[in-house]
Amino acid sequence: MEFVFTTPDLVTAAATALANIGSTISAASAEVAAPTTGMLAPAADDVSAAVGALFEAHGDAYQAFSSQLAGFHNEFVQALSGNASAYASAEAANASPLQAVEQAALNAVNAPAAALLGRPIIGNGTTGLPGTGESGGPGGLLWGNGGNGGSGGTGQPGGNGGAGRILFGNGGMGGDGGTGAPGGSGGNAGLIGTGGTGGTGGPGGFFGQPGGNGGAGGKLWGKGGMAGLVRLTAP
């Protein structure tokens with residue numbers, strides 16, 4: 001059994017492009033209508049009159065065909081646009097119940113652990129608020145990435161990234177340091193995952209403040225995080 005995947009945005013973009021092409025063709029047809037359907041004979045003899053009438057008939061036939069083609073083109077564009085809207089509506093209608101079921105199942109797994117241990121089993125850690133130097137929260141007990149540390153205020157280091165949890169989880173990124181303060185360290189990964197990148201050091205001092213250390217990679221698999229950058233300031 002084959003499955004067909006449709007991206008409504010791409011269908012809408014295609015319909016718009018086709019509509020623009022149709023407008024261009026219609027404008028070109030209108031521009032040549034007068035000289036092709038009202039052709040004058042080059043001379044008063046019968047041959048010239050017959051040649052002029054022949055070309056004028058071809059012009060009339062082209063305009064008639066162009067009119068029919070424009071009507072078909074408009075119907076096709078309208079059908080394509082309608083299909084894009086129908087697909088988008090269907091996706092929205094299907095996504096809502098699926099998300100509700102997924103969230104309900106996740107809550108059923110996480111609620112007992114959160115009530116007993118203060119942390120969910122599956123889920124990402126919270127992110128530190130900007131300007132507070134708040135550290136990111138750890139990921140879920142078994143699965144989840146650590147939250148990113150918040151940036152520091154003036155004279156305040158950036159928050160450390162949260163740790164990835166026991167099985168799978170990347171460390172959170174360290175927050176950027178405030179003026180005159182270093183960046184926060186990246187969080188360590190779980191057994192499998194990548195350590196978080198250290199935060200960028202804040203401005204101030206001779207060469208700026210140091211960036212935070214990168215977090216350790218996963219113990220079984222994963223790379224360590226990159227150290228944070230030094231924000232250079234003029235000496």
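**Close-up views of a predicted model**

View 1. The model is predicted: local features need pLDDT of at least 70, side-chain atom pairs count only at pLDDT 80 or more, and totals for chains, interfaces and linings use all residues. Numbering runs from 1 along each chain as its sequence is written, and side-chain values use heavy atoms, leaving out hydrogens and water. Ile-21 sits in helix H1 (helices are DSSP runs of H or I, at least four residues, numbered from the N terminus). His-73 lies 52 residues from Ile-21 along the chain, and their C-alpha atoms are 9.6 Å apart.

**View 2. The largest pocket.** Its volume is about 190 Å³ (the space filled by probe spheres on grid points joined across faces, edges and corners). A pocket is an open set of points on a 1 Å grid over the protein atoms alone, where a 1.4 Å probe fits, with protein on both sides within 12 Å along at least five of seven lines; lining residues have an atom within 4 Å of a point. Thirteen residues line the largest pocket; Gly-22, Ser-26, Leu-69, Ala-70 and His-73 are nearest its centre. H1 (8–37) and H2 each give at least two lining residues. H2 has the largest share, seven residues. What is the make-up of the lining: nonpolar, polar or charged? Five residues are nonpolar, eight are polar and none is charged (Gly counts as polar; charged means Asp, Glu, Lys and Arg).

**View 3. Ser-85 on helix H2.** Ser-85 belongs to helix H2. Its relative accessibility is 46%, so Ser-85 counts as partly exposed. Asp-9 is 76 residues away along the chain, yet the C-alpha atoms of Ser-85 and Asp-9 are separated by 9.3 Å.

**View 4. A nonpolar surface patch.** Ile-122, Leu-142, Trp-143, Ile-166, Leu-167 and Phe-168 form a nonpolar patch of about 540 Å² (patch residues have over 30% relative accessible area and no salt bridge, with nonpolar side chains joined within 5 Å). Trp-143 falls in the segment after helix H2 (46–117).

View 5. Is Gly-136 buried or exposed? Gly-136 counts as buried because its relative accessibility is 11%. Gly-146 is 10 residues away in sequence; the C-alpha to C-alpha separation from Gly-136 is 6.5 Å.

**View 6. Ser-185 after H2.** Ser-185 also lies in the segment after H2. With 25% relative accessibility, Ser-185 counts as partly exposed.

Conventions:
Patches are made of residues with over 30% relative accessible area and no salt bridge: like charges are joined within 9 Å, nonpolar side chains (Val, Leu, Ile, Met, Phe, Trp, Tyr) within 5 Å. Accessible areas come from the Shrake-Rupley method with a 1.4 Å probe; for residues, only the protein chains shown count as cover. A salt bridge is a side-chain nitrogen of Lys or Arg within 4 Å of a carboxyl oxygen of Asp or Glu. Buried means under 20% relative accessible area, exposed over 50%, partly exposed in between (1.4 Å probe, protein chains only).
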